[in-house]
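The sequence and the model are shown below.

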Amino acid sequence: MKKIFFVIAFIGLYSCNSTKQATTATSDKFVAEKLLDYDLKEVKERFSDANIEEGTNLYDEGTVERSYAILYPGTKDEMHITWNANNEIFDIRFAEEGKWRSASGVKVGTTYKELNGINGIPVSFYGFGWDYSGAVVWNGGKLEDTDLRVFLGAENEPSDKFYGDQVVKASPQEIENMNLKVQAVVLKKS
């Protein structure tokens, strides 16, 4: 009887572990850093279901033309990839609350408080209403030396003092009142 119990328990544990591995493999597909070493052919192979759109556009305030690929266009899983002249990934961007996330767990919708927890120390951020609106400064935290760039957005309209090309000086209450969340994530290959 004990042998039967152990055999059943072993089969149960094995099947649970197989399900966990399959779930992890699927969710790992949407870890943005995993794409940084891919070329376009590898992206197309790995994301054959992504309905990829390709083209060229001007970037860096209209000064540089780059090729791009958009994965899952028009969906919550939309991701933009731009390529450098060597057909290597230049950067990756996503701004929808879909499946994409960074290896550290940052995703669109991550709250300011959660972002501080992931970074290990409080972040600072630039004002709103300009090209780098809400850009995060890691302040020497865990994410400082990563390729990760994050932009915050305010769920509640911030006052005029929180606009412009400046690091925001705000009290904890003012930050809480704005209800800050990650609005966009960019990975720029170093």
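Among contacts in the protein chain between residues at least 6 apart in sequence, what percentage join residues at least 24 apart? The value is 49%, where a contact means heavy atoms within 4.5 Å.

The model is predicted, so local features need pLDDT of at least 70 and side-chain atom pairs count only at pLDDT 80 or more, whereas totals for chains, interfaces and linings use all residues. Residues are numbered from 1 along each chain as its sequence is written, and side-chain values use heavy atoms, with hydrogens and water left out.

**Overall architecture**

Four helices and eight strands make up the secondary structure of the protein chain; helices (H or I, at least four residues) and strands (E, at least two) are DSSP runs, numbered from the N terminus. Read from the N terminus, their order is α-α-β-β-β-β-α-β-β-β-α-β. The chain has 190 residues, of which 33% are buried. Buried denotes under 20% relative accessible area, exposed over 50%, and partly exposed in between (1.4 Å probe, protein chains only). The protein chain exposes about 11,700 Å², and carbon and sulfur atoms supply 51% of that area. Accessible areas come from the Shrake-Rupley method with a 1.4 Å probe; for residues, only the protein chains shown count as cover.

Strand E2 (residues 64-71) pairs with strand E1 (residues 53-59) in the antiparallel sense, over seven bridges. Two strands are said to pair if DSSP finds at least two bridges between them. Within this pairing, Glu 65 of E2 stands opposite Leu 58. E2 is also joined to strand E3 (residues 79-83), again antiparallel, by five bridges. Here Ala 69 has Ile 81 in E3 as its bridge partner.

**Positive phi values in loops**

The hairpin of E1 and E2 has four residues between the strands, and Asp 60 there takes a positive phi. Asn 139 also has a positive phi and is a residue other than glycine. Most residues other than glycine have a negative phi. The table sets out the two cases.

| Residue | Phi | Loop | Relative accessible area |
|---|---|---|---|
| Asp 60 | about 55° | between E1 and E2 | 39% |
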